Amino acid sequence: MTGLKIAQRMIRLLPGVTAGVGTCDWYEPRIRHVHLSPRTARGEDMRALACAAHEAAHAVQHVRLHGISFRVWQSWPVQSPLVPLGLFSATLAAVAMKWHPWPVAIFAACVALGRVAAVMLMEWEASTIALGWLKLHGFEHPDSAHYLRRLWRSYLWIAIGL
Ligand SMILES: [Zn+2]
């Protein structure tokens with residue numbers, strides 16, 4: 001069983017969702033496509049299966065759960081790298097112009113934390129769906145949960161960095 005086969009089985013019942021080999025692992029909601037890196041798509045190891053299941057789980061979140069949290073996660077304020085740049089510039093400007101910096105800094109901190117929370121919630125849910133599916137279909141490896149948790153922690157730095 002390869003990563004691509006796992007993803008294809010997971011999205012089988014999701015209308016309009018496709019999976020294929022791309023440059024990296026991500027789900028593109030606009031065209032409902034699960035992109036898998038060549039390593040994940042062709043891999044048969046625990047990491048490849050867990051990673052493919054995680055990306056396919058984003059399609060499940062999008063098409064089956066279609067909750068407000070998914071739309072918030074995919075929204076411009078959460079995804080755009082211009083938002084933290086803007087917040088950082090506004091904080092610097094507040095200090096330089098000798099405005100009262102605290103309201104600006106508190107607002108910037110709230111937006112930044114909100115972005116991290118939106119990303120981490122959706123990534124946690126996707127990993128939970130992935131693990132549940134792997135368990136249900138007998139593809140679980142003793143290290144799957146550990147690997148998915150580590151993958152989740154790696155998103156923390158991406159979420160803070162963005
Ligand atoms: Zn993800």
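## Helix packing and positive-phi residues

In α1, residues G3, L4, I6, A7 and M10 meet A48, L49, C51, A52, A53, E55, A56 and V60 of α3, two residues being in contact if their C-beta atoms, placed from the backbone, lie within 7 Å. By class, this contact of α1 with α3 has 11 nonpolar, one polar and one charged residues, where Ala, Val, Leu, Ile, Met, Phe, Trp, Tyr, Cys and Pro count as nonpolar, Asp, Glu, Lys and Arg as charged, and the others, Gly among them, as polar. The model is predicted, and local features need pLDDT of at least 70, side-chain atom pairs count only at pLDDT 80 or more, and totals for chains, interfaces and linings use all residues. Residues are numbered from 1 along each chain as its sequence is written, while helices (H or I, at least four residues) and strands (E, at least two) are DSSP runs numbered from the N terminus.

As 15 of its 20 residues are buried, α3 is largely enclosed by the rest of the structure.

Two helix pairs are set out below, with axes as lines fitted to C-alpha atoms over the stretch in contact and angles from 0 to 180 degrees between N-to-C directions.

| Pair | Axes come within | Crossing angle |
|---|---|---|
| α1 and α3 | 8 Å | roughly 25 degrees |
| α6 (82–96) and α7 | 9 Å | roughly 165 degrees |

Helix α6 is thus roughly antiparallel to α7, whereas α1 and α3 are roughly parallel (under 35 degrees is roughly parallel, over 145 roughly antiparallel, 65 to 115 roughly perpendicular, the rest oblique). In the contact between α6 and α7, V83, P84, L87, A90, T91, A94 and V95 meet P101, V104, A105, A108, V111 and A112, and the residues divide into 12 nonpolar, one polar and no charged.

Most residues other than glycine have a negative phi. R32, in the loop between β2 (26–28) and β3, has a positive phi of about 50 degrees and, with 17 C-beta neighbours inside 10 Å, counts as partly exposed. K98, in the loop between α6 and α7, has a positive phi of about 60 degrees and counts as exposed, with 7 such neighbours inside 10 Å.

Key: Buried ≥ 20, exposed ≤ 12 C-beta atoms within 10 Å, placed from the backbone.
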